[in-house]
Amino acid sequence: INYIENYNDVDLHIKSTYGGSPSKTQAKFIHNGAVELYNNGNVKLETTTSGATVSGALISSYGGINTRLGFVSGGSEGVIETTSNHSLVLGVNSSEKVRITSNGRVGINSSSPSTTLDVVGGAAISGGLTVGATLNASGTCNLGQTVTITGTNPKLQFVDTNHDSDYSIYGSNGRLTVYDDTNSAERVRID
């Protein structure tokens, strides 16, 4: 049985009772404009003069895309995610700025990231940067202070626009060698 109760002549409460159980409030419409929605006797949505409070997860579904704002099970972490196989997009001023695809790629100013992290535009890194594989840089690369190349036989290679290696500088066992890769010849050696 559902019914509406006039509470204190100023608020309206929607209540329900089932099978002789005590009545439970389902919704309150409060005279100052606030609204409270309940589930199983617990407030799940409450409007206030400064906004709304949601208890539990907020799930938005549209066109097969499900987005959840809430907490990881157990409540130890907050989460914003899609619960369907779709990208998650963050935007500013109705313009996409960050996209996380369903396969885990992140695009900053890129709506279709082609690698794990795809940044379109400049980036400033004020701390250390560790690269565990090949580092490719196109255009001008400015390196400051100290550049360290490590490995068994570290080398610095100069490659032309045809992707052919022209010169290499090797450092090994206290020796520095400049090698002409085009003509397969050592040009300078410092022991």
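Biologist: What makes Tyr 170 count as partly exposed?

Modeller: In this predicted model, Tyr 170 has a relative accessibility of 27%. Buried means under 20% and exposed means over 50%, so 27% puts Tyr 170 in between, as partly exposed.

Biologist: And Tyr 179, why is that one partly exposed?

Modeller: Its relative accessible area is 26%. The cut-offs are 20% and 50%, so Tyr 179 also ends up partly exposed.

Biologist: How many aromatic pairs are there?

Modeller: The count comes to 1 aromatic pair. The ring centres of Tyr 170 and Tyr 179 lie 6.3 Å apart, and the rule asks for centres within 6.5 Å, so the two rings pair.

Biologist: Why is the pair of Tyr 170 and Tyr 179 called edge-to-face?

Modeller: The ring planes stand at 80°. Planes over 60 degrees apart count as edge-to-face, so that is the label for Tyr 170 and Tyr 179.

Biologist: On to the sheets. What is the strand order in the open sheet of 3 strands?

Modeller: The order is E7-E8-E9, and the pairing is antiparallel. Strand E7 (58-62) and strand E9 (78-82) each have a single partner strand, so they stand at the edges, with one side of each left without a neighbour in the sheet. From one strand to the next, the twist averages 5°.

Biologist: How do you know that E8 and E9 pair, and how many bridges join them?

Modeller: Strand E8 (residues 65-71) is joined to E9 by 5 bridges. Pairing needs at least two bridges, so E8 and E9 qualify. As an example, Phe 71 stands opposite Gly 78 in E9.

Biologist: What makes E10 and E13 the edge strands of the open sheet of 4 strands?

Modeller: That sheet runs E10-E11-E12-E13, with mixed pairing. Strand E10 (88-92) and strand E13 (117-119) have a single partner strand each, so one side of each lacks a neighbour in the sheet. Neighbouring strands here are turned by 20° against each other on average, direction ignored. E10 and strand E11 (residues 95-100) run antiparallel and share 5 bridges, and Leu 90 has Val 98 in E11 as its bridge partner.

Biologist: Last topic, pockets. Which residues lie nearest the centre of the largest pocket?

Modeller: Leu 135, Cys 141, Leu 143, Val 147 and Ile 149 do, out of a lining of 21 residues. The space in the largest pocket is about 1,200 Å³, and its lining divides into 10 nonpolar, 10 polar and 1 charged.

Biologist: And what is the volume of the second largest pocket?

Modeller: About 490 Å³. Its lining has 7 nonpolar, 4 polar and no charged residues.

Notes: Residues are numbered from 1 along each chain as its sequence is written. This is a predicted model: local features need pLDDT of at least 70, side-chain atom pairs count only at pLDDT 80 or more; totals for chains, interfaces and linings use all residues. Side-chain values use heavy atoms; hydrogens and water are left out. On a 1 Å grid over the protein atoms alone, a cavity is a set of points where a 1.4 Å probe fits but cannot get out, and a pocket is an open set with protein on both sides within 12 Å along at least five of seven lines; lining residues have an atom within 4 Å of a point. Grid points are joined across faces, edges and corners, and a volume is the space filled by probe spheres set on the points. Ala, Val, Leu, Ile, Met, Phe, Trp, Tyr, Cys and Pro count as nonpolar, Asp, Glu, Lys and Arg as charged, and the others, Gly among them, as polar. Helices (H or I, at least four residues) and strands (E, at least two) are DSSP runs, numbered from the N terminus. Axes are lines fitted to C-alpha atoms, for helices over the stretch in contact, and angles run from 0 to 180 degrees between N-to-C directions. Rings of Phe, Tyr and Trp (its six-membered ring) pair if their centres lie within 6.5 Å; planes under 30 degrees apart count as stacked, over 60 as edge-to-face and the rest as tilted. Buried means under 20% relative accessible area, exposed over 50%, partly exposed in between (1.4 Å probe, protein chains only).
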